Each structure stands twice: as C-alpha cells, then as structure tokens.
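Biologist: Hi, could you walk me through this one? I'd like to start with how the secondary structure is assigned.

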Amino acid sequence: MKLATLKTGGRDGRLVLVSRDLKRAVFMDGVPTLQAALDNWAAIAPRLQTQHRALESGDVSGSFAFDPEHCASPLPRAYQWADGSAYVNHVALVRRARGAEMPQSFWTDPLIYQGGSDEFLGPRDPIPAADDDWGVDFEAEVAVVLDDVAMGTPAAQARERIRLVMLVNDVSLRNLIPGELAKGFGFFQSKPASAFSPVAVTPDELGPDWDGARLSRPLLVQLNGAPFGRAEAGIDMTFDFPTLIAHAAKTRNLRAGSILGSGTVSNRGPDGGPGRPIAQGGVGYSCIAELRMVETILEGQARTPFLRAGDRVTIEMQDRAGRSIFGAIDQTVSPRPR
C-alpha cells in the first residue's frame, strides 16, 4: 500500500490511499489519519489493503487525482522522531569537517538523536531560513514508521515492527552544530523541522529491494536541477534498521507512529575513501557537508556554499522500472524575517 496525508482536516491532515503510479487517491472512510491507522494497525490494515486493491483495479468510487503539492508529511506530527547514524562514513566525514575526532566505538555502537516531531514540513513546503549564515544543509535519508516496540526487543524481532518506509530531508543548520554540541546536551536549534516524502509505503511494495532491514535503491538528490547524489541506500549501511530499532528500544518502549531515520545515506568510494562527485564519475553525496569535506581534502578548502534563499533540493527514489516510489521531496529555501 501507498499512503499519504492531505493538508486538510486539521493538524494531522487526512489520510488517503494512493495508487502505485502515484496518480490516483481515495479517502478511507472511518480512518481519518495515518496515526489512527497505526494505533490499531492489525485491525485496520486489512481494510486499507482491500480499499487499495479496489483503487488499483479502478473499482472504487470517489477517487481523485493525486497531487503531491497538497500533501503534508505522511505523519504531519509524530509522537517520536529519532534519527540514527547508520552510514558511519557520513559521520566520519562530517566530524572531520568540523575538526572533531571520531571514536572507534561509532563503528559498533549506533548514534541516535531525538529530533523535533511536533511539526514536520510538507514535502513541497519551503525550508524556512532566517539567516544564510546558519549553514542550511539538506540530508537525504530513508526512514521507517514503527508499530509498538516493547523495551528490550532484539534486532531479530524488531524488523517485524516496521509498518511503513519513506524518505526524509533532515534539514540541518551546520554552522550552529559545533557550538551547540560543545555544550554537551545534543542537537536542538541546529535541527529545525524535517520534511518527509509525499507517500509512505508498506514494505511489501518494495519487493526484493527491501530485505526487512535495508532498502537497496539509489537515493537521487538534485540541487538546483543538477544531479548531486545517487548513493545506494543498501550499501555501507553499517547499522540496519532492526539494529537501530533495538538500540532505540533498549531502555524504553517505542509507541506506534514513532519514526526512525537511517541518517544521511553515504557511500565510500571504490578505494574506501570519501567518494567522488557525480561530475567526476562518482555517486555524489546526500548532503552538502560531505562535498565540502571532500573539497577540503582535495583542494585545501571548501568551495561549495551551503543553501541560500532560492536554492532548491529534490530527493527521490525510483524502482527498477524508473518509477518514483515515494514521490519527490521538492523544497526551496525561503527567507524568513527574524
């Protein structure tokens, strides 16, 4: 199934089922929001599946053209948004960029931070930035939406708690991060609202590209219309989703509707190094910070600026036939008066 939330009906929007080709949608009577479906997934999912099959066959009344421009994030707000560091190559590069040593334990012990979840941006909403000097950056990731996960659930069982998969732009304010982390209390101001893909999909929609732990497709990123990244999400993922879930649930229950991100998708180069830009034959990057680090290594200084007002970033993933799976996150940076 593919599910989306339209910007209507209040803070949590209104749930719609979306056809696999992302062209048609239909409301689901009696299930107003995605969180309502997740709260009682075992009972509601079969009804959703029946309606989705009817939508696919054209045997449903009330369907209408699906327009991602009208979408909120699948969960416009959530009880929890936690983001991991599954691609340790990214962590190593970004820490080098700010002159911080990376402990070797990062390769064996996942990092997860608690993000703000009281409001997410829609997939076509502007990225508000009051000050270009904050270092506005995008981070392209894969995320999963969970059912209830009991404290202490091991990784071997955690994969059964994944209900939906989607993409995320984890917006970061790079120039605020060093000072904030130096306080020793984690991210807050440097991690404003994130945006998720127009559509969230059940794992069965991903076919053989989803093995229950990783999604193995290139994550396509464009900056101002030019290819910027096509990192393979199934490669160099040091910690798979079940491992991240088990880590997050070590000391607490995770409630239905919790969102867990992979961290910025990042591939090493063939030589084990940081990889090359697309223009140089590489797979590029899923954030500007990585490219700036590579520029620093190769040229002595970073020359690619962070995002400024008017810059546009697009994040998408296609199936093996070249069809968009989740729809595109397509955002433009917008100045916001201080």
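Modeller: Helices (H or I, at least four residues) and strands (E, at least two) are DSSP runs, numbered from the N terminus. This is a predicted model, where local features need pLDDT of at least 70 and side-chain atom pairs count only at pLDDT 80 or more, while totals for chains, interfaces and linings use all residues. Residues are numbered from 1 along each chain as its sequence is written, and side-chain values use heavy atoms, with hydrogens and water left out.

Biologist: What does UniProt place at residues 1-77?

Modeller: The unreviewed entry gives "domain: Fumarylacetoacetase N-terminal" there; such annotations may be inferred rather than shown by experiment. Over residues 1-77 the chain is 30% helix and 23% strand, with 21 Å between the end C-alpha atoms.

Biologist: And which domains does the domain assignment give?

Modeller: Domain 1 covers 2-66 and domain 2 covers 75-335; the bounds come from an automatic or database assignment. Their C-alpha centres are 26 Å apart.

Biologist: How many residues of each are in contact?

Modeller: With contact meaning heavy atoms within 4.5 Å, 18 residues of domain 1 touch 21 residues of domain 2. The two domains bury about 1,600 Å² between them, 59% of it on carbon and sulfur atoms. That is accessible area (1.4 Å probe) lost on putting the parts together, summed over both.

Biologist: How many salt bridges cross that interface?

Modeller: The rule (a Lys or Arg side-chain nitrogen within 4 Å of an Asp or Glu carboxyl oxygen) finds 3. Asp12 and Arg77 also pair up in a salt bridge, at 2.8 Å from N to O. On domain 1, the elements giving two or more residues to the side touching domain 2 are strand E1 (2-6), helix H1 (34-39) and helix H2 (41-57).

Biologist: And how many in the whole structure?

Modeller: The search finds 19. One of the bridges joins Asp137 and Arg174, with the closest N and O atoms 2.8 Å apart. Asp137 lies in strand E9 (residues 136-137) and Arg174 in the loop between strand E12 (172-173) and helix H5 (177-182), so the pair ties together parts 37 residues apart in sequence.
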